[in-house]
Amino acid sequence: MDLFDFENGREGYYGEYGGTFLPEILHTTIEQLKTEFRKAKQDPAFWQEFVSLMQSYSGRPTPVSPLPNLSAKLGGAQIYIKREDLNHTGSHKINNVMGQGLLVKRMGKSRVIAETGAGQHGYATATMAARFGFESKIYMGAVDVARQRPNVFWMENMGSEVVPVTDGQQTLKDAINECLRDWVTNMDNTHYVLGTACGPHPFPEMVSWFQSIIGHEAREQILTAAGKLPDRIYACVGGGSNAIGIFQGFMEDTEVELIGCEAGGFGPGQGNHAARLAYKDASVGVAQGMKTYFLQNDDGNMLETHSVAAGLDYIGVNPILVNLWEKNRVRFEAVTDQEVTEALKLSMRLEGVIPALESAHGFAQAIKEATQMQPNEVILINMSGRGDKDIFTIADALDDQHWKQFISEKAAGYRGGES
Amino acid sequence: MSLQHYLADCHEQLGDKNRRAMLMTHVVCGYPSFEDNWQALEVMQEFGVELVELQFPFSEPSADGPLFVKANQSAIDAGVHVADCFAFMRKVSNHFSFKVIMMGYYNTVFKTGSDSFLKQLKEAGGEAFILPDLPVDEAGELHSAAAQYGLDPILLMTPTNTDERLQQLANAARGFIYTVARKGVTGSSTDMNQDLAEFIKRCRQHTDLPLAVGFGVSKKSDIDFIGEHADIAVIGTAALQAWEQGGAVKLREFFTQLTQS
């Protein structure tokens with residue numbers, strides 16, 4: 001099924017979700033973007049240029065690795081992971097960013113802006129801007145700046161200006177609002193590199209298209225590695241770009257079950273989590289340029305969200321995935337912070353892999369379900385990013401005494417240096 | 001009387017007010033409080049403003065600048081709900097002689113339900129609504145329903161629009177048109193210049209509706225300029241800044257310098 005065939009519906013709509021809800025001042029800009037994107041998508045040379053750039057610069061194709069120890073320990077399905085963590089900059093975010101970078105070159109713009117939550121998208125955008133010679137500004141919620149300092153460090157050192165956003169909840173959604181404010185002022189020379197498959201059309205389609213490189217590779221790789229298609233595929237869902245990226249490789253394979261794993265945070269209840277579909281606390285709304293499910297109150301104002309993973313801590317969700325959820329093509333589950341920490345420990349100890357806290361949501365749900373499956377069944381998890389960036393958060397979650405001591409000593413050293 | 005006729009009458013009376021353009025002012029409902037709003041509106045009434053936008057606070061005010069963003073957030077934090085805004089609007093429209101317009105974001109309408117929202121807006125004495133994040137392409141049903149209630153959708157025209165798009169906007173607009181004097185969000189200053197005059201002229205070619213000029217109006221020469229080229233000067237951020245600096249006293253000073261030569 002072609003998710004992006006709008007012939008029998010409205011352009012930019014997936015079922016009743018999606019659309020383009022932007023201030024009038026951006027109408028012309030978004031129309032130009034649609035036109036340029038359409039031209040690029042229809043040009044096979046553009047996709048080839050993209051793939052070859054990703055091969056030479058980001059190490060694609062990323063492998064699919066078996067996790068034999070974890071599989072044996074659980075005694076159920078055979079577990080494999082798609083290694084998006086092995087991309088340059090450490091996550092799948094670079095796929096979308098380099099693709100949009102090529103598009104920016106075609107549009108002749110010289111400046112890029114981006115929002116970032118976990119910092120991975122900002123980090124990737126800063127990398128792309130340095131590589132292509134664009135001026136860049138990254139908007140990041142002040143709360144996220146505080147919990148993701150290592151990514152901020154790299155962004156700044158690659159020449160991006162990182163602006164902490166102090167409005168609202170000071171997280172991803174507020175960074176998106178700030179990008180829109182920048183864009184309505186500077187659209188002539190600026191492209192907004194939206195980081196996930198959300199926001200106004202054509203972003204959900206465009207980001208999904210670039211991320212589909214994951215699914216195309218993964219289908220071929222898992223057939224070779226496991227000798228069959230996976231029975232179930234797990235991917236974490238914040239905005240939803242890594243999930244739609246891997247799922248697209250298996251859209252026609254109706255026997256493959258697709259599972260989106262949301263941030264269950266502290267568990268159900270408004271304000272405790274960022275699970276839009278798996279829990280029942282969200283409803284349909286229009287914000288941040290699109291119509292989709294949002295965690296909002298009866299007035300349509302957005303609720304506080306919580307997740308241990310900054311990259312999943314978001315009020316809305318990819319409209320394409322919502323449509324697939326309603327059609328029962330994608331199942332949604334929520335994973336709590338506690339379950340994520342346990343899954344992370346298991347992955348590190350048994351397999352020597354460190355998934356990002358975001359990706360660990362997919363691991364946790366897979367681990368839960370694998371034990372109920374047969375040894376001849378196959379699970380594929382999208383390991384969307386690596387956990388190195390989360391060292392501070394993970395060290396806190398694990399209450400690691402050696403780490404705490406190291407940080408104390410380091411801080412004492414800096415204080416000594418100042419005096 | 002329709003909004004358009006009301007504005008035509010007001011335009012006739014500008015000579016008596018010794019002013020060259022009509023004025024549309026703005027308050028964010030419940031910021032700093034409804035009591036402050038009321039006092040600010042009393043000052044606005046003193047200076048004979050013709051229109052007032054009551055902004056319904058929204059958690060994601062992406063078309064607003066820093067001052068209004070803060071105002072929206074504070075109002076929500078203080079517990080201002082949609083129902084409170086309608087109740088306030090009813091009091092305001094009963095008491096004051098200016099006409100009242102709802103300003104806000106589309107999710108407030110969507111989540112309340114279009115029909116319920118329009119019904120409440122009508123009952124509260126509102127004349128029109130401005131939803132800057134609802135493009136005309138998505139607004140067909142809402143606009144039709146609004147027409148049934150005699151409520152006018154106020155559309156925005158911007159300098160980036162093509163002539164074809166301006167015509168499309170003009171075809172859907174009623175009441176008056178809000179022309180955006182420059183790129184950017186609310187609250188930054190605009191140099192009233194030739195480009196702006198040209199842009200307003202371009203808008204004028206597509207519509208006979210009164211034209212309001214928004215974003216960055218703060219001094220008397222701005223009003224004179226707008227009076228020369230368009231019809232309504234929109235005063236937003238500058239008035240809220242005055243209020244924050246010194247309540248009714250500062251706001252009165254602000255309107256005095258704005259309206260007297």
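Two strands pair if DSSP finds at least two bridges between them. The strands and helices themselves are DSSP runs, numbered from the N terminus: a helix is H or I over at least four residues, and a strand is E over at least two. With that in hand, look at chain A, where Ile233(A) has Leu258(A) as its bridge partner in β10(A). What you're looking at is a predicted model, in which local features need pLDDT of at least 70, side-chain atom pairs count only at pLDDT 80 or more, and totals for chains, interfaces and linings use all residues. Residues are numbered from 1 along each chain as its sequence is written, while chains are lettered from A and ligands numbered from 1 in the order in which they are written.

How confident is the prediction? The model scores ipTM 0.94 and pTM 0.95. pLDDT is the predictor's confidence in each residue, from 0 to 100; chain B has a mean pLDDT of 94, with 95% of its residues at 70 or more.

Back to chain A and its sheet. Six strands form an open sheet in the order β3-β4-β14-β9-β10-β13 (chain A), and the pairing is mixed. β3 (64-66) and β13 (330-336) of chain A are the edge strands, each with a single partner strand, so one side of each has no neighbour in the sheet. From one strand to the next, the twist averages 25°. (Axes here are lines fitted to C-alpha atoms, for helices over the stretch in contact, and angles run from 0 to 180 degrees between N-to-C directions.)

Now zoom in on β14(A), residues 378-383. Strand β4 of chain A (residues 78-83) runs parallel to β14(A) and is joined to it by six bridges; one example is Arg83(A), whose bridge partner in β14(A) is Met383(A). Strand β9 of chain A (residues 232-236) also pairs with β14(A) in the parallel sense, over three bridges, and here Ile233(A) has Leu380(A) as its bridge partner. On to β10(A), residues 257-265: five bridges join it to β9(A), and the two run parallel.

Is β14(A) buried or exposed? Six of its six residues are buried, meaning that 20 or more other C-beta atoms, placed from the backbone, lie within 10 Å of a residue's own. Val378(A), Leu380(A) and Asn382(A) point one way, while Ile379(A), Ile381(A) and Met383(A) point the other way. In a regular strand the side chains alternate between the two faces of the sheet.

Next come the helices. α12(A) lies across β10 and β13 of chain A, at about 90° to β13(A). The axes of α12(A) (residues 337-351) and α13(A) (residues 357-370) come within 8 Å and cross at roughly 85°. That makes α12(A) roughly perpendicular to α13(A), a label for angles of 65 to 115 degrees. Residues are in contact if their C-beta atoms, placed from the backbone, lie within 7 Å; among those making this contact are Leu344(A) of α12(A) and Phe363(A) of α13(A).

Finally, turn to where the chains meet. The contact takes 27 residues from chain A and 30 residues from chain B. On the side of chain A that touches chain B, α8(A) gives the largest share, six residues.

Chain B has its own open sheet, with nine strands in the order β5-β4-β3-β2-β1-β9-β8-β7-β6 (chain B) and parallel pairing.

Key: Angles under 35 degrees count as roughly parallel, over 145 as roughly antiparallel, 65 to 115 as roughly perpendicular and the rest as oblique. Two residues are in contact if their C-beta atoms, placed from the backbone, lie within 7 Å. A residue is buried if 20 or more other C-beta atoms lie within 10 Å of its own, exposed if 12 or fewer, and partly exposed in between; C-beta atoms are placed from the backbone.
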